[in-house]
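Hello,

Here is the structure I promised to pass on to you. Have a look through it first, and then read on for what turned up.

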Amino acid sequence: MDRRKFLHAVSGAAGLTAAGPLIRGALAADGVPGSAHVKRIAVIGAGIVGASIAYNLSKRGCEVIVLEKRAPAAQASGNSFAWINASYYDSPDSYFVLRTHSLNEYHRLAQDIDIPIRWGGSLEWYDTAEREKDVVDGVRRIQNSGAPTWMIDKEKAREIEPRLEIPGSPQIAWCTRDGAVDPAGVTWALLRRTIAHGGQVIYPATVTALEAQAKGIRVVTDSDTFEVDLAVAATGVGTSNIAAMIDLEIDPMRVSTSGIIVTTAPMEPVLNTVVYNADTHFHQLGDGRIIVGEKAGPAETDQHRNFLQGRPNTYPTAELASEHAGRILQVASRYVPQLAGAEVASVGVGWRPLPKDGLPVIGHLHKVPQLYLAAMHSGVTLAPIVGHIAAMEILDGLRIDLLSDFRYERFLMD
Ligand SMILES: Cc1cc2nc3c(=O)[nH]c(=O)nc-3n(C[C@H](O)[C@H](O)[C@H](O)COP(=O)(O)OP(=O)(O)OC[C@H]3O[C@@H](n4cnc5c(N)ncnc54)[C@H](O)[C@@H]3O)c2cc1C
C-alpha cells in the first residue's frame, strides 16, 4: 500500500487525541499481573518486536523463553525495508510521539548493544503536484512540532546525496533524524543479548494453544509445554491465530499485504540517506549492501497469484526471484545508475502485520491479562520503544499513558 495513503487511512480512523508524557502511567487494575508475580515469561515470536521485548525483560532479571515457529527474523522483520522514521505527522498525535520516542530509544539501544544502524536522514519526493503538496503540508506540520525536517531543492539534495540522479525539479522533504537498520541484524543482536542475560530462544517451536491458569498461563507448542507467569504474543501476521486460540472477541488484524525486498551484495559507498519516491525506495547499510523496495508490484498474472497465495517469504524458483530482482533494480537504477546489474544477495517477500485501523495493538488483554499482545506495522521503527514500555508495564504493573490509543479494547467500543 502507498505509504502516505496508509497513514491517511490511520488518521481518518483514529481522530486526534493528545499524548501524555512518556513517564506518566497508572497502576494496573486488579487482576493484571504486576512485578511481584511475573518472573518467568514466554515471548512468542522472534521478530524484531518480540526480540526487543525479550531483551528488555531479560535485562531486568526475568527468566525469558522465546518461542519461534520458524527462525528469528524469518518473517516480516527479515523482509522489511527497515526505514526508521518519524517523518510524517501521523494521527493521532500519540502515534507520531511514539515513533519519535522510538528514534530516541534507538540511540540509547545503540549505546548498550552493537546494532547495525545507520543515521543519515531521508529524502522523499513525488512527481505530481497533488502529492508534492501533501509532502509540503506534512513537513510544515512536523516543523511545528520542532522536528528537524525541511523542504529543499535539487541543488541542496545534491550536496547531501552527490551520486543521486533526481529527474525534474521536485521539492524534496529532508528529514535529518531518520535512519535505517539491518532488521535481521538488530533482531539477532537483541536475542544474543537475551541469551547472555540467561534467556532461551527455542526454534522451530510453534505455539498451538494458550491456557489461562488461576495464576499464570500454559503455553503449548508442537513439541513442549511451558508453565509461565505471563506470555507475550509478538507474532506479526500470526496474531490472528493467537486471537483464535483465546477466543478473542475480534481479530485485531486485517489482511496482510506483501512487498518484495531486494538486497544487493556489498557495494562501494553510494548513498547517505534513505531515498523514497513514487517509483522506488532504497538505502545503503553500513556494510555496503543496498536494500531496494518494490513500488509497482508484480503483474496480475495467475503465476503471481498462485505464488503469493500461501504467503511465502521466499521464491519458488531462482529464475522468478532473479526476474523480480532485475525489474526492481532496473527502476532504482534510474536514480542510482550503479544499481543497474548490481549483484543480488537475496530477494525476499515480506508480509506486513496490519492491525485493523493501522495503529499498533499493545498491552495486556482485558480478557486474558496473563497475555500481553504487541502487533504492529512499522514494527522496525517502533521495536525499541515498545520493548522498553512493555517491560515497564509487565514488570512494574504500570499502564503507560503513551499507549492508551493503542489498546486492543478500542475495537470493542464501536
Ligand atoms: C515489505 C515491507 C516493508 C516494510 N518497511 C518498513 C519500514 O520501512 N519501516 C518500519 O518501521 N516497518 C516496516 N515494515 C513493517 C515491519 O517490518 C513490521 O512491522 C515488523 O517487522 C513486525 O515485527 P514483528 O516482530 O512484530 O513481526 P515478525 O517479524 O513477523 O515476527 C513475528 C514472528 O512470530 C512468529 N510466530 C507467529 N506465530 C507463531 C506461533 N504460533 N508460534 C511461534 N511463533 C510464531 C513468526 O514466525 C515470526 O517470526 C515493513 C514490512 C514489510 C513486509
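This is a predicted model: local features need pLDDT of at least 70, side-chain atom pairs count only at pLDDT 80 or more; totals for chains, interfaces and linings use all residues.

Now to the ligand. Both domain 1 and domain 2 give residues to the shell around the ligand, so the ligand lies between them. That shell holds 39 residues, and the closest are Gly 47, Gly 236, Gly 238, Gly 259 and Gly 350. Four elements each supply two or more residues to the shell: helix 2 (48–59), strand 15 (258–264), strand 19 (344–351) and helix 10 (379–396).

Stepping back to the whole chain, you will find ten helices and 22 strands. The radius of gyration is 21 Å, close to the 22 Å that the globule rule gives for 414 residues, so the chain is as compact as a globular protein of that length. Along its principal axes, the C-alpha trace spans about 65 × 50 × 40 Å. Buried residues account for 48% of the 414 residues. Of the contacts between residues at least 6 apart in sequence, 75% join residues at least 24 apart.

A few spots in the backbone are also worth a look:

- Tyr 203 and Pro 204 are joined by a cis peptide bond, with omega about -5 degrees. Pro 204 sits in the loop between strand 10 (200–202) and strand 11 (207–212).
- Ala 73 is not a glycine, yet its phi is positive, at about 60 degrees. You can find Ala 73 in the loop between strand 3 (63–67) and strand 4 (83–84). Is Ala 73 buried or exposed? Ala 73 has 24 other C-beta atoms within 10 Å, and the cut-off for buried is 20 or more, so Ala 73 is buried.
- Ser 378 is another residue other than glycine with a positive phi, near 55 degrees. Its place is the loop between strand 21 (371–375) and helix 10. With 25 other C-beta atoms within 10 Å, Ser 378 is buried.

Enjoy exploring it!

Best wishes

Terms used:
Residues are numbered from 1 along each chain as its sequence is written. A residue is near a molecule or strand if its C-beta atom, placed from the backbone, lies within 6 Å of it. Domain bounds come from an automatic or database domain assignment. The radius of gyration is taken over C-alpha atoms; the globule rule is 2.2 Å times the number of residues to the power 0.38. A residue is buried if 20 or more other C-beta atoms lie within 10 Å of its own, exposed if 12 or fewer, and partly exposed in between; C-beta atoms are placed from the backbone. Two residues are in contact if their C-beta atoms, placed from the backbone, lie within 7 Å.
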